[in-house]
Every structure is written in structure tokens, then in C-alpha cells.
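Dear colleague,

My notes on it follow.

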Amino acid sequence: MITFNVSSDNPGPFLLVGIPGLEQFHVWIGIPFCVIYIVAVMGNCVLLYLISVERSLHEPMFFFLSMLAMTDLILSTAGVPKTLSIFWMGAREITFPGCLTQMFFLHYSFVLDSAILMAMAFDRYVAICSPLRYATILTPKTIIKIAVGISFRSFCIILPDVFLLTRLPFCRTRVIPHTYCEHIGVARLACADISINIWYGFCVPIMTVISDVVLIAVSYTLILCTVFHLPSRDARQKALGTCGSHVCVIFMFYTPAFFSTLAHRFGHNVSLTFHIMFANLYIVIPPAMNPIVYGVKTKQIREKVILLFSVKSIEA
């Protein structure tokens, strides 16, 4: 994993408080977080295993789904283990390079998740609106270009956050009222002007994600126009059925993400305890739910999961 090196004049360790106001309940709060995290790790690992070994799942849609699973693992693993160490062992200290590294991977995986959902929407658009050209448009070479492109875009968007923090002097408190490091939360501890941090840290990622949402909306508008012109009801239901799991994941990802971001930027009347709790749920709930949604709603994956566990039970 990348670790960001910093110069000698950067500050010593920071202290992560956890969830302010609920310190006495940290031990108990950690239990559901741990359970959900285990579900997220196991679910996404099973998904990655099935997609890698089953030739019938070697399609563009499932390649993007495997990217989503890997990114979800990064998102949850970048935050939850440290959160649990705070809850259960009181390990609140985190070094400045460690804080920068955690912040980078949390923000990077968020922006990359959004880009992957956009790529999956494009995949559904081509599959439904141009089914005869699907194999010629989404060739392996094209898919690799899309994967590299969205990964590099996300990297370039988030990397400046690291350098914007390393330029700041921290001469006041080093106590972060959170369970993990995030850009604006750390920047607000600095004893210097952080205007550029606020505007870059808020506007650039949000405008990027909004552009993804707009492209997803355009894709699904075109998909719906195509679906409603299909001759039979069965054909319409089948076409919409292939999009159901993707739409569920889109709503699970963007709804809490926008709420959390806007509450952090403008919600001065929102309780800090509520905001921190919600932010923690965001990094574990979608990664845990995404493989479940795809396992339930996608026939190919559902059948392979049932086959996998039925074989395991027979062998046992």
C-alpha cells in the first residue's frame, strides 16, 4: 500500500476521538461495525472469486463489478480496522503519514466507485440500446482503457489533497473529532488559511461525482426510451431486470454520499455525533450490501453462489 512521506517540519501524531459523545458506548458500537465489515469482506471476496473462476462471468458487466468489489474492499478496509482499534483498544493515535495515506485511499475509493458506476451505466446502455454492437464496442481492449482511465482520473483528482495538507502548519490541537482522517477535517486543525483546501476539497470531487451522476442519468434516460419502444412486455421486463441491481447500488451509493458531504460542508446545525456515525456507516454499509444486491438480483451470480455453497456443503 502507498504511504505518503512528509518533510521533517510536518507535525507529530494526531489523535482520533472516535464518535464524540458516545465514547462510553464505543465497545458496543464496534460489534455491529465488525460484523458488517466481515460481511463486506466475505461478500466481495466471494464475488471476486466467482468472477475470476467462472468463464460465463467473463463479460464486461462482471469485469466492472469486480472493479467495484475491489474498490469497496479498499473503502471499508481503509477506515474500519482503525475505527475498531479506537473502539476496542483505545488506539487513537495515528501518524501524519498514516493519516494522509488513510485519507487518500478513502477519498480515492469514493471517487473511483462513482466512476465505476458510470462505466457500468455505459455498459447497460450499450447492452440494451445497441445489443448487436455490444461485443464490438466493449472489446477487452476498450474495457481495459476504461478501467485505466477512470482509475487514473480518480488518482489525479485526489492526490492534490495530500499536497494541500502537507503545506499546512499545525500549531494548535491535533485532536480529530472523527474515527478516520478526511481532508477537510484535518485541514481545519491548521493554523493557516485553508480556503484553497475547502474549495478544492469540496468543489473538484463533488463536481466530478456530479458529472458522473449526469452521465448515469443520461444513460438511463436513453435506456428507458429504448425499453418503452420494445414490442413485448416480457422483453421490457427482461431489459429492465438487467438494470435492477445496478440502480439499487447507485441509490445506496449516492444518497448517503451526498447527504454526508453536504452535511459536513453546510450542515452547521447537524449534530457532530450524528454526522460521524453516518459517515462511519457509509464506509461499511454500501460495501456490505453491494455483493448481496448483486447476488440476489443477478441470476448468473445467484446461480453460481448457490452452486458454490451447495458443493461445499456436499464435500463437508
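Which residues is Lys82 in contact with, leaving aside its neighbours within four places in sequence? They are Leu16, Ala91, Arg92, Glu93, Ile94, Gln102 and Thr179, where contact means heavy atoms within 4.5 Å.

This is a predicted model, in which local features need pLDDT of at least 70 and side-chain atom pairs count only at pLDDT 80 or more, while totals for chains, interfaces and linings use all residues. Residues are numbered from 1 along each chain as its sequence is written, and side-chain values use heavy atoms, with hydrogens and water left out.

Lys82 is found in helix H2 (helices are DSSP runs of H or I, at least four residues, numbered from the N terminus). Lys82 is buried yet has no salt bridge, and the nearest side chain of opposite charge, Glu93, is 8.0 Å away. Buried means under 20% relative accessible area with a 1.4 Å probe, protein chains only; a salt bridge requires a side-chain nitrogen of Lys or Arg within 4 Å of a carboxyl oxygen of Asp or Glu.

In helix H5, the buried residues include Ile143, Ala147, Ile150 and Ser154. Among the elements covering the buried residues of H5 is helix H7 (195-227).

Asn197 lies in helix H7 and counts as buried because its relative accessibility is 0%. Its contacts, not counting residues up to four places away in sequence, include Leu164 and Leu165, both of which are buried residues of H5.

Yours sincerely

Technical notes: Buried means under 20% relative accessible area, exposed over 50%, partly exposed in between (1.4 Å probe, protein chains only). Helices (H or I, at least four residues) and strands (E, at least two) are DSSP runs, numbered from the N terminus. Lys and Arg count as positive and Asp and Glu as negative; His and the chain ends are not counted.
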